[in-house]
Amino acid sequence: MEFKRKPVTDIGIDEALNRVDEEKIKKAIQWTLKKEASARLKIFVETCMRCGMCTNSCHHYLGHEGDPTYAPAAKVKQTIWDILDKKGNVSKEDIKKYARIAFSECNLCRRCVQYCPFGIDIAYLISLVRRLCCLIGVVPQYIYDQVLSHMQTTNMLWFRQDEWLDTIQWLEDELRAEIKNGKIPVGKKDAEVLYLAHGLEAKYMTGLLTNMAKIMNVAKVDWTVPDTDGWDYTVKALYAQDLETMGKVIRTHYETALRLNIKRIVIGECGHAFRTAVYEGVRYLGWKEPPIPYIHGVQFFYELIKERKIKITKKIEEPVTIQDPCNIIRYRGMGQMLRYIVKELCENIIEMSPKDDHNYCCSAGGGMIDSGPPWKTARIEGGKVKAEQISDTGAKIVIAPCHTCHKGIEDLNVYYKLNVHVKFLVDIIAEVMEIPEEMKP
Amino acid sequence: MVNWDWDIEEKLICDINEWKEKFLFVHELIVSADREKISATVEIEDKKVTTCINGKIWENIFERICFPQYTQEGSLICLVLQNYEWTLAKDDSLLEETFDYAWNLKTDLSGKSIAFNIKKGDSYGVCLNGKIWDNLFFDARDIFLSPDGETSASYVKIKNPPLLDIFSSKEGIWTVGINGNAWDKSFISVYGLCFSTDSKKVAATVRLSQQEFTVAIDGIIWNETFLNAWEPIFINENDVSVPVKTENGWTLAINGKAVWRSFNQLWHQRVSPDGRIAAVVSTEFGKWTIAIDGKPWEKTFSQNVLPPFFSPDGKKIGAVVRENNLWTVAIDGKPWDIGFDRIWSPQFSPDGKHCIAKAEKDGVYFIVLDGKIGKDVFDILWEPQFSPDGNKVLIGCIKNGKYLRKVLRLNEVLR
Amino acid sequence: MEQFLNDPSIYTLVRGPLVWLAFIVFFVGMLYRIFTTLKMAKKEKVIYPYLSFKYTLRSIFRWLMPFGSISMRKHPWFTIITFIFHICIIVTPIFLTGHMELWNESWEISWLSLPVGLTDLMTITVIVCLFFIFLRRLIQKDIRFLTSTSDYILLVLVALPFITGFLSHHELLLQYKIMLTIHMLSGELMLIAIPFTKLSHMFMFFLTRAHTGSEFGAVRHSRDY
């Protein structure tokens, strides 16, 4: 069985390869596999019995049923094993293939790890492939552009500092139409909560930020957003495995919080940022755990609802289903919290199967959606099983507490004609929560 | 600090509760360094705000007030939006020049120089003491002032490739702008800008490629490059130290040469008054402490260690540390016995014998002196400060809605 | 060749020093592999600080229990075959009456031995299971894609001691003594091969499961099964 794919052009891969020499490739491989990787690489490669138990766990394989080149172990075979077999003497064509597999055929969701009798961490191995591609300079253009932005601005979209401040100010003006004396405190020292936003919430999806501000005001949370770089919680460098940039971004987030002397960081509904902030990022920097609490939107809303800081007036009646984002469920076990929130908000919940920490990835995560238009087909194909899962529930609303899941499922919705609405918790809460009389303008 | 009143034991400056009745909305409270003044942005009506100082409001009315702060001399400065244009306000008088946007307000140590980032049309730069840089750029981020207040600097974008043009961006589009003049070389990333102690030189960490980081001083880069690097500082008028990553881990480099043993992590190096260098280090994964001239304290802390601070003679070194989800202060490697939910900028007494800080536990604020909790609790408390002779402590605090300026004798704090 | 194998000195060699050699290589090799892996893991920094005894046990328990993981429940046939196979392959050589006599003869140690009929059946089971595993490797597309020659060689390496053991016991195909010599040789070969091939998974299983089990349980608060 051959590795057969439709040709896709991505200058971040093709053009970048034209600009590097073989020597750089060799050095990157040596560095990644000899200096950075160690016991895990060795033991995982040597222990894999090629039993195929992981094959059916992967949504990409299920989306291309019968093509063994999409199976998790096969992706390792065609990358890591191949490099080791060739003793690092690989061609540019090989790198191109590795990059394609690592960036567009694996979401790093770690579902296959749950299926492996030895617990071999395939996502880690694929990350190594991405790392060496990154060191060569071969990263999908759309990801790399965001990473380059992160390097200097900390945010993902080249946002200038005044653009962020200006956005917050006009959002506050809008908020006042709904909440009397509504406020989005900027750079407020000593607040309890530092809220970080998704880069897109400051430009294209400002409604999310307004809704969060509404909830913060109604729940009377002592909160603030940064008045400096570091307001954007995204870390696209994780996708590229640009660890240097990833470390710098995560450090900026924590130091912003420490500079303002706030108690904890709260972020919205995002998977990769949370994962990077509590795992990859802190580990890279040398912290065993986050130096101050780093709270995900799901944890935060759970707290607000459970402690009755916000009251729900009318529940959503349409049938809803729940998307479990890998980065907060399989990576942090928030499945029960998420269900508690949804039960408080909705009357009629129909679960997907499988669910919770066994759920399938949306096929957009791990940088696949960030790879942009060239790789859209890859994630739509990989999302077939997710589309079927959703369609089987018959739900009209999919609650996806993750930016990536959200957009990924929206695209699946269009392509597979699922006829659902994809919603964030923040939008639903803002819609169904009670605004006390005295807070109305 | 010398001219401050250290004799009046307690002074009621004003009643903040009255403000809340008088105005539609009262924003965050700030106090002057001598604690004589308290102020806030107050809303007179929707989108009409002004500054209220000790109960009196300014004549000027604005649509917005941002970055309000007191200079060391006690002037209140802020960036304001009036008639859809931004400018600087200082003690109720406005700068004539206006801007499409203004932010990142900063003063030098003396408080005489004032600088902020500005936007004019599509161009970005800095306004220093009312004068806009001669050259403006595609972007300007953050503001830095030299110790003498004469020079302003910012990270500037000197090339503007279209979105998604990764190859141009990778060649480097950022550099340092000083008084409107950009360095010749540009980089994919530049950060940690700092001035030499004599204000004559500027250093910053620059990223040349994926794994090539080095320091540029006045635009000239070191010959040595490193796998990664954090922010540099001048240790005197000429020499620059910077945490760098080598194959063995993180170490401190001075003028391009590694001078310390390797650590798992290293940052926030600071020079003590007696010329030693102390830095936050991780001796091994998940263990943090302070290292002085490369030698770490024996005691390590699992969650976090903040930048070191020094007694005036430099003999004692302290740091805020976090363990078991509580913050405390460690001095010369020995942590205080009690932990707090939060702790604010601890300070040594002039003779170095005492250390005082503001702390919070279970929602109330108090003073902590040498690891012991002060007798009073406050609704709001600003950082306590020692008198020049070290016998008294000045605080600003709010109790029952009233802002008080208090001078406590050191032996009164705990009792 | 036949004559060579029939030579009494060959038998003595295979029955004596080679047994010693095989066991020493097996144990020392395995200890060495574990030791070097643990040492390498220390270099990685992020392994040990996160290890959790509780979740290591949970992980190992789940994966040593038939149908203890979702993966096993999704692959019932393969699960049944591999469990039977692994039990037989470990139990048979240790509790075989013939082997017991040898343990006793050499080191004067003995323990419970299983009835000959049962071990006979278990031997056949191992061979049959191996045949199924071989067929699966050959026929199932995704597994064939992963398979290389060395995987087939390993199957043969594991099958040989059982096939020859069975043949010698029943004095089939070749002269008893010759077959016995081949049997002992192939058994020794397998033992020696364990530390240096994928067969080392019999020990490495516990190490990888400790890491992944701890990561999933203690850090990620989710299941690795």
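Visitor: With which residue does Arg176(A) form a salt bridge?

Guide: The model is a predicted one, in which local features need pLDDT of at least 70, side-chain atom pairs count only at pLDDT 80 or more, and totals for chains, interfaces and linings use all residues. Residues are numbered from 1 along each chain as its sequence is written, chains are lettered from A and ligands numbered from 1 in the order in which they are written, and side-chain values use heavy atoms, with hydrogens and water left out. A salt bridge is a side-chain nitrogen of Lys or Arg within 4 Å of a carboxyl oxygen of Asp or Glu. For Arg176(A) the closest N and O atoms are 2.6 Å apart, and the partner is Glu43(B).

Visitor: How many salt bridges are counted between chain A and chain B?

Guide: Side chains of opposite charge can pair when their charged atoms come close. Between chain A and chain B, the number of salt bridges is 13.

Visitor: Which helix supplies the largest share of the side of chain A that touches chain B?

Guide: Helices are DSSP runs of H or I with at least four residues, strands are runs of E with at least two, and both are numbered from the N terminus. Several helices of chain A each supply at least two residues of this side, including α2 (22-36), α9 (141-153) and α13 (243-259). The largest share, eight residues, comes from α9(A).

Visitor: How many residues of chain B are in contact with chain A?

Guide: Contact means heavy atoms within 4.5 Å. On the side of chain A, 62 residues take part, and the number in chain B is 66.

Visitor: What area do chain A and chain B bury between them?

Guide: Buried area is the accessible area (1.4 Å probe) that two parts lose on being put together, summed over both. Of the area between chain A and chain B, 51% is on carbon and sulfur atoms, and the total is about 5,600 Å².

Visitor: Which parts of chain A does the salt bridge of Glu381(A) with Lys6(A) tie together?

Guide: The closest N and O atoms of Glu381(A) and Lys6(A) are 3.9 Å apart. Glu381(A) lies in one part and Lys6(A) in another, 375 residues apart in sequence, so the pair ties together helix α17 (residues 376-382) and the segment before α1.

Visitor: Where in chain A does Pro354(A) lie?

Guide: A cis peptide bond, with omega about -10°, joins Ser353(A) and Pro354(A). The place of Pro354(A) is the loop between α16 (335-345) and α17.

Visitor: In which loop of chain B does Arg35(B) lie?

Guide: Arg35(B) is a residue other than glycine with a positive phi, near 65°. Its position is the loop between β2 (25-31) and β3 (38-45).

Visitor: Are α2(C) and α3(C) roughly parallel or roughly antiparallel?

Guide: Axes are lines fitted to C-alpha atoms, for helices over the stretch in contact, and angles run from 0 to 180 degrees between N-to-C directions. Angles under 35 degrees count as roughly parallel, over 145 as roughly antiparallel, 65 to 115 as roughly perpendicular and the rest as oblique. Helix α2 (residues 8-15) and helix α3 (residues 17-43) of chain C pack at about 30°, their axes 3 Å apart. The two helices, α2(C) and α3(C), are therefore roughly parallel.
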